[in-house]
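Open the viewer and keep the sequence panel beside it. This tour goes stop by stop, with something to select at each one.

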Amino acid sequence: MNSKKSKKIKVLAIALALAMTAALLASCAAKEEKPAGEGQTLDKITVQTLWVPQGQFAGLYIADARDYYEEEGIDIEILPGGTDVTPADQVENDVAQVGVLFYSSLLTYQEGGYDFINVFQNFQGSPQYLVAKKDTGIATGADLKGKKIGTWGAQWQVEFAALLGKYDLGDSDVTWVQQDYTMDQFINDEIDAASAMAYNEWLIANDEGWDESNTNIIDLNKEGTAMLEDCLFVKRDWAEANEDLLVRFLRATKKGWDYAIQNPEESGKLIFETGNSATEEHQIKMTEICGSYVQPEGATAGDIGKIDEAKAQQTIDFAKKYGLIKGDIALENSIDVSYWEKASS
Amino acid sequence: MKRIDGRHLSLILWIVGFFLMWEFAAFLLDGVLHDPMAAKKLPYFHAVISETVLNADNILLQSALTALRAAEGFLIGALVGFLLALLMDLFGVVERMALPYLLASQMIPILGLAPIIFGLVKDLDMSRVTIAAYMTFFPVSLSLLSGFKSVDIEQRMLMRSYASSKFLYYRKLALPYSVPFLFNGLKIAAPMAMTASAFVDTLSTQNGIGSIIIVALYGGGTTGQFWPAVLAASLLGIVSYVLVILAERVVERFIPRAPKEAAGEAA
Amino acid sequence: MKRRSVVSGMMVKLAPPVAFGVFVVGFIQLGLAYTLLNFKPMQLPPPSAVASAFIENFQAIARDSLVTVGPTLAGMIVGSLIGYLTAVFITRFPKGGFGLLYIMIAINSVPIVALAPIMNRWFTQPFPAKVSVVIIISMGAMAVNAFRGLSDLPDESRHLMRACDASNMEVFTKLRIPASLPYVFTALKINVSVAMMGTIIGEYFNDNTSGIGYMIKYTLRIGNRKAEGWAYILAAAIISILIYAALTLAQRRLVRWHASQRMGA
């Protein structure tokens, strides 16, 4: 061993030690950085969304960006969703107080023993399309026999099961193919009909040259088999203990959606800057389309978030008929409109 | 010194060759086979580089975040792995008792694990680090254990005949002997901690390299950052590997390998 | 006499893990895990619920397990083989091969969240898509370990071989390859869990609507089928333990000479 080598090793040792200390320090610093919130009077609420920051959750992001929550005395944190944790579990574990879920999917948690209630219905219908290239000849649910249909999982598939059921078709009449949240399989003809959210995947397909001119859309709302999607849910006991806070939160959220619907361009830009999850143009379109489900034609700004009991009941009925839930769920145990009503008065 | 230069030259040649092959394969897909998915299957290397340069600040920032969480997870995971291996070697019963369950525990996907961890620690960042540690302790444990078990039987007997204490046995014989095994485990675990950390980024797509990947995969219009993120993650993996090698050199300096002390290193 | 000792030996060996298993199952089942550790029965269903879900869905679970085991084994074997051959190459040509290990680590470090969708683009069929994911993530551990094993020779034997004027080929077959075996088995054991997880995550993304991974994703992302999801996790655990046990047996036969196998229990 010459001294040159041992010197080199000493330098290495020091460098390593330094790097490790730096990493430790940096991680400590990162943790302390969290803002404590200046006003002690603000009540903290964390919302867990379903997915990345995007126009789908415009009401929340706009209410945050325009300080509607702060005006109601709320210190808001919006946690974007991801692939490996569900909003239901985050709310159950008190990581978040409010979560976003499909109402259909919320039903499965209610059946599984999670004591949640739906307090605010974002989407007054289903923005989920089933799309097929025109040359496949698929124009309605009746044409799906023997076809390959792309699916994302239980809560999406059940709406298509209801569509098939309307035409007396069942699971065995079609082939389900797992779709990977892109439109690649559709574009490459690996599947005949693809799942596509009107506000997201459909726009991606449009970008790739597939639009109304060469593609058929099966709109579940027009087929009458739609189930309610995005809603806001909370733990029942949390809601009872924090009624005033929840009402204030819903009021601000409602205001956020109203602003987003009236100013989709500005809102889309704001969300783009928050999340950078899609292009600015995409976020603007997404906000606009989602707005059309939050406040459909004929509804007023005052109706935003209202839970339509007939539609909710239909969602429960379909969920039961097509096997998403096994038993019965009583509507009055599943939704609670009182908080929304107080927020709207 | 001469040998080291040759090695570095080889490394450079391999890297250059790899990127040339990448570029050529991309050309085959795009220019010869005219695959409509060419840009998604394997984009041109130069295109990935230019996207990386365009988004350099974001990629760097998110890489740093992921690397930091990976480092924390790795340190905890390595420590846990070390202690488990020691326990299993000390008490044969523990090994027979726990090993199948340790293996089984590795079969719990994050989807099943995350709610339980969140229930325990509540905090997003803590959960991320815990899960990254959870995903890295196993190779460390297994490697070190097989190191302990490979201690030369004659030497083991010899130590025993001196009636030396357990502590002395590990300090003088088992631990020095197992150093290469341990570092092998660490070499495997370090890049694994990186991919685990990128994985737990997707628990909430706020930040981190895994978050870029998810957003780019499924979002509209930011697909350009996908391959730069993949490239960055790979580089992080290599950096972590090299760091372990450097650490190994330092440790080997202080704990010369007992059985081979005399041999030294081939010049 | 020998047979009887084998049987009683088996009993002695199986007793501790079974006892530990009973303890863990009891700990959760009796509610201690829920009160002491704040686990939620909805998120971690009690063992009885998982067991009954396992029995109730046994046929489906067996079918899905077959879908998953194939690509796991295929990918693990091919990946480990590639890793080993790489290590042989690097050992044989240390100067020229040096960089190859780094390339391998780099490919090995592609996050699986990216790797699975990329392979899904390359292969439209689910089987090759899954196998390729497993190959890529299992070759690194083998390359690193085998490289160490191949170069980690007892000095006496190396000197002896040199003294006997052995050719490089002989050193390889007689000395290096046997010396690498303990390391190879360690890598294979690590790869059991790596490969199973690779297939499971591959199944999150591929076309199939079957397989353990698909079913885990399908059932754990809604609220009323968690016990079924955990029954699938149990299946994955059982499969990996079986593969691991098979490897341990093989190691016992192939590496008898090694210290780790001579000590006895």
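Accessible areas come from the Shrake-Rupley method with a 1.4 Å probe; for residues, only the protein chains shown count as cover.

Before you select more, two notes. This is a predicted model, in which local features need pLDDT of at least 70 and side-chain atom pairs count only at pLDDT 80 or more, while totals for chains, interfaces and linings use all residues. Residues are numbered from 1 along each chain as its sequence is written, chains are lettered from A and ligands numbered from 1 in the order in which they are written, and side-chain values use heavy atoms, with hydrogens and water left out.

**Stop 1: chain C**

Chain C has twelve helices and zero strands. (Helices, H or I, of at least four residues and strands, E, of at least two are DSSP runs, numbered from the N terminus.) Its C-alpha atoms fill a box of roughly 70 × 55 × 35 Å along the principal axes. Of the 265 residues in chain C, 57% are buried. Buried means under 20% relative accessible area, exposed over 50%, and partly exposed in between, with a 1.4 Å probe and protein chains only.

Now colour by domain. The assignment gives domain 1 (1-39) and domain 2 (43-262) in chain C; such bounds come from an automatic or database domain assignment. Their C-alpha centres are separated by 27 Å. Six residues of domain 1 of chain C are in contact with six residues of domain 2 of chain C, where contact means heavy atoms within 4.5 Å.

**Stop 2: chain B**

Switch to chain B. Chain B also reads as twelve helices and zero strands. Its C-alpha trace spans about 70 × 55 × 30 Å along the principal axes. Buried residues make up 54% of its 267 residues. Chain B exposes about 11400 Å², with 72% of that from carbon and sulfur atoms.

Zoom in on Pro176(B). This residue is found in helix H10 of chain B. Is Pro176(B) buried or exposed? Pro176(B) counts as buried because its relative accessibility is 4%.

**Stop 3: the nonpolar core**

A nonpolar core is a set of buried Ala, Val, Leu, Ile, Met, Phe, Trp, Tyr and Cys residues joined through side-chain atoms within 4.5 Å. Which residues touch the most other members of the largest one? Select Tyr103(A) and Phe249(A): they do, in a core of 244 residues. Helix H10 (residues 166-200) of chain B gives the most to this core, with 18 residues.

Stay on Tyr103(A). Beyond its neighbours within four places in sequence, its contacts include Asn118(A), Glu229(A), Ala312(A) and Ile335(A). Another core lies apart from the largest one, with 15 residues, among them Ala132(A) and Leu163(A).

**Stop 4: chain A domains**

Finish on chain A. Domain 1 covers 43-125 + 228-344, and domain 2 covers 128-223. Their C-alpha centres lie 25 Å apart. Here 18 residues of domain 1 of chain A are in contact with 19 residues of domain 2 of chain A.
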